[in-house]
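This report goes through the fold of one protein chain, part by part. Please keep the sequence and the 3D view at hand while reading.

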Amino acid sequence: GCYAKPRQERRFPDDFLFGTATAAHQIEGGYNADGKGENIWDRMTHTRPHVIKDMSNGDIAANSYYNYKRDVEMMRELGLDAYRFSFSWSRILPNPLAPYEVNQAGVDFYNNYINEMVKYNITPMATLYHWDLPQKLQDLGGFLNPLFPEWFEDYARVVFENFGDRVKLFLTFNEPSEICYEGYGWSTKAPILNVTDVGTYLCAKHLVLGHAKAYHAYVNDFKPTQQGQCGITISTNWFGPLTDSEEDHFAAEIKRQSNWGLYAEPIFSEEGGFPKELSDIVAEKSLEMGYKQSRMPEFTDEERKLVQGSSDFFGVNHYTAYLVSATEHKTFNPVPSLFADIDVGVYTPPEWLSSASRWLQLAPDSIYNALTFLHNKYPNTIFYITENGWSTTPGAGLIDEDRITYYRAALNSLLDTLEAGVNIKGYMAWSLMDNFEWMEGYTELFGLYEVDFQSEARTRTPRKSAFIYKEIIKSRVIDPNYEPENLTMWID
Ligand code: GBH
């Protein structure tokens with residue numbers, strides 16, 4: 001293909017942060033170690049193991065709870081500037097309703113992890129919530145309980161208090177749409193509630209309020225001394241029109257509003273609140289169906305103001321693109337539901353290179369398309385790409401040419417985007433190592449390092465892509481011809 005164009009003259013800035021990303025439940029294991037409480041993934045995988053493709057779980061995963069020194073050694077091997085990881089809420093607060101009862105062993109674990117990074121000049125970027133809600137909060141309704149924003153603020157304060165002296169880049173939530181749509185409005189993430197009519201919309205409101213409360217807690221009570229930044233990560237794949245028709249352009253816009261606008265608009269737009277056209281559609285369809293009010297809740301003026309502008313930067317998880325049609329490629333959706341509300345079809349051209357994941361193809365220029373769009377919509381915003389990566393199947397081995405093709409194409413698209421004047425300060429590759437891929441268990445692997453899940457030690461071995469990424473980080477240039485001499489790793 002023509003994806004990786006030789007553009008050796010183009011350099012990444014010296015202060016650009018290259019990193020990798022992981023999430024607590026996907027790597028840590030130690031699911032009941034040293035006082036950790038139960039979370040929604042523990043509960044779901046233990047009581048309904050068949051919902052996971054290979055009936056696996058995150059009980060041990062890559063065992064990073066015990067292997068964190070090796071993890072940091074891998075970061076040093078790659079020469080990373082930064083590392084994105086997440087805190088496990090239930091490891092820090094086994095009783096999340098009693099935020100003064102901190103589990104010291106959990107805090108010690110994150111202190112050790114962070115200290116080890118900082119010792120080697122690796123900038124920690126920490127997510128407060130990457131999908132592992134304490135089960136007790138789920139028993140009370142989780143994100144659908146109007147008290148959720150307060151619970152989240154209490155937890156956020158504990159995190160800022162304990163780690164904010166060393167962590168200067170905080171993210172409140174990872175991927176609101178996957179939390180709200182997949183977990184509450186559908187059934188492809190815990191807690192698989194499948195409340196299709198209102199689940200996504202109610203969750204969205206409480207999530208952005210929780211984000212805003214945590215943000216203001218940081219700005220008012222921690223930022224003055226800690227001097228860091230607090231943002232949110234939203235999964236922002238590109239949705240373009242299938243044809244140039246007006247209908248397809250509108251379909252793509254509605255798809256964007258329902259996929260990431262629901263969470264980005266209230267925080268980053270001038271007007272605040274949920275996206276306009278989508279709100280109108282949901283309100284109209286709700287009334288038609290006999291609901292007393294829109295299935296999408298309103299914000300009070302006070303709430304709207306609290307949320308508007310509540311982010312120092314925009315974290316983008318970007319993987320791929322889809323083409324959207326007003327008429328073609330529609331699939332069955334329950335009525336009412338978010339997908340029935342928007343009523344559009346989504347298409348992936350078969351010529352795009354495919355990964356091991358059904359939803360992940362190499363779409364040309366997708367970073368450029370998504371990030372220039374976001375930049376035009378929300379001018380003066382600082383962006384970080386907080387995830388981007390490629391999956392292979394177990395047994396595919398260490399020579400991962402497709403992953404290399406993907407990373408080179410993505411990073412070339414990122415250079416195009418920087419040249420277009422978009423302020424992107426860093427890039428985190430997903431993932432440092434193979435890990436528990438949620439509903440897919442261990443059947444789709446995203447690691448630059450392979451993890452041997454059969455070995456007790458969970459031995460980590462660099463794939464070829466690790467050497468390519470290392471060379472890009474070091475040289476700040478994408479050399480399409482670079483080949484490692486062998487697959488022996490070293491620390492520079
Ligand atoms: C990220 O989610 C997550 O943050 C991370 O934890 C995860 O390991 C990583 O990416 C790799 O998946 O089309 O119905 O099959 C990516 C989010 C995952 C959202 C797939 C859309 C489509 C499901 N995307 N999902 S479907």
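## The disulfide

By the rule used here, in which a disulfide is a pair of cysteine sulfur atoms within 2.5 Å, the count comes to 1 disulfide. The model is predicted: local features need pLDDT of at least 70, side-chain atom pairs count only at pLDDT 80 or more, and totals for chains, interfaces and linings use all residues. Residues are numbered from 1 along each chain as its sequence is written, and side-chain values use heavy atoms, with hydrogens and water left out.

A disulfide is a covalent bond between the sulfur atoms of two cysteines. Here the partners are Cys 180 and Cys 203, with sulfur atoms 2.0 Å apart. The angle about the S-S bond is -65°, and the link of Cys 180 and Cys 203 is left-handed. The pair links distant parts of the chain, 23 residues apart: Cys 180 belongs to helix 8 (residues 176-185) and Cys 203 to helix 9 (residues 199-221). Helices (H or I, at least four residues) and strands (E, at least two) are DSSP runs, numbered from the N terminus.

## The barrel

Strands of a sheet pair through backbone hydrogen bonds, either parallel or antiparallel. In this report two strands pair if DSSP finds at least two bridges between them. In the barrel, 8 strands close up in the order 1-2-3-4-5-7-10-11, and the pairing is parallel. From one strand to the next, the twist averages 25°. Axes are lines fitted to C-alpha atoms, for helices over the stretch in contact, and angles run from 0 to 180 degrees between N-to-C directions.

Strand 1 (residues 17-21) and strand 2 (residues 82-86) are a parallel pair with 3 bridges. Within this pair, Ala 21 has Arg 84 in strand 2 as its bridge partner. Helix 17 (residues 464-475) packs on the sheet and touches strand 1 and strand 11 (424-430); the directions of helix 17 and strand 1 make about 155°. Contact means heavy atoms within 4.5 Å.

A second sheet is open and has 3 strands in the order 6-8-9, with mixed pairing. Strand 6 (238-241) and strand 9 (345-347) are the edge strands, and each pairs on one side only. With direction ignored, neighbouring strands of this sheet are turned by 40° against each other on average.

Strand 8 (residues 321-325) pairs with strand 9 in the antiparallel sense over 3 bridges. Leu 323 has Tyr 347 in strand 9 as its bridge partner. Helix 11 (residues 246-268) lies across strand 6, strand 8 and strand 9, and runs at about 165° to strand 6.

## Packed helices

Two packed helices are described by the angle between their axes and the distance between the axes. For helix 16 (residues 401-419) and helix 17, the axes come within 8 Å and cross at roughly 25°. Angles under 35 degrees count as roughly parallel, over 145 as roughly antiparallel, 65 to 115 as roughly perpendicular and the rest as oblique. Helix 16 and helix 17 are therefore roughly parallel to each other. Their crossing is right-handed; a crossing is left-handed if the near helix is turned anticlockwise from the far one by less than a right angle, and right-handed if clockwise. The contact includes Ile 404 and Leu 411 of helix 16, and Ile 468 and Tyr 469 of helix 17. Its residues divide into 5 nonpolar, 1 polar and 4 charged. Ala, Val, Leu, Ile, Met, Phe, Trp, Tyr, Cys and Pro count as nonpolar, Asp, Glu, Lys and Arg as charged, and the others, Gly among them, as polar.

Helix 7 (residues 148-163) packs against helix 9 at an angle of about 35°, with the axes 8 Å apart. The crossing of helix 7 and helix 9 is right-handed. The residues of this contact divide into 9 nonpolar, 3 polar and 5 charged.

## Backbone exceptions

Most residues other than glycine have a negative phi, and most peptide bonds are trans. Val 335 and Pro 336 are joined by a cis peptide bond, with omega about -5°. Pro 336 is in the loop between strand 8 and helix 14 (338-342). Another cis peptide bond joins Trp 430 and Ser 431, with omega about 15°.

Gln 227 has a positive phi, near 60°. Gln 227 sits in the loop between helix 10 (223-226) and strand 5 (229-235).
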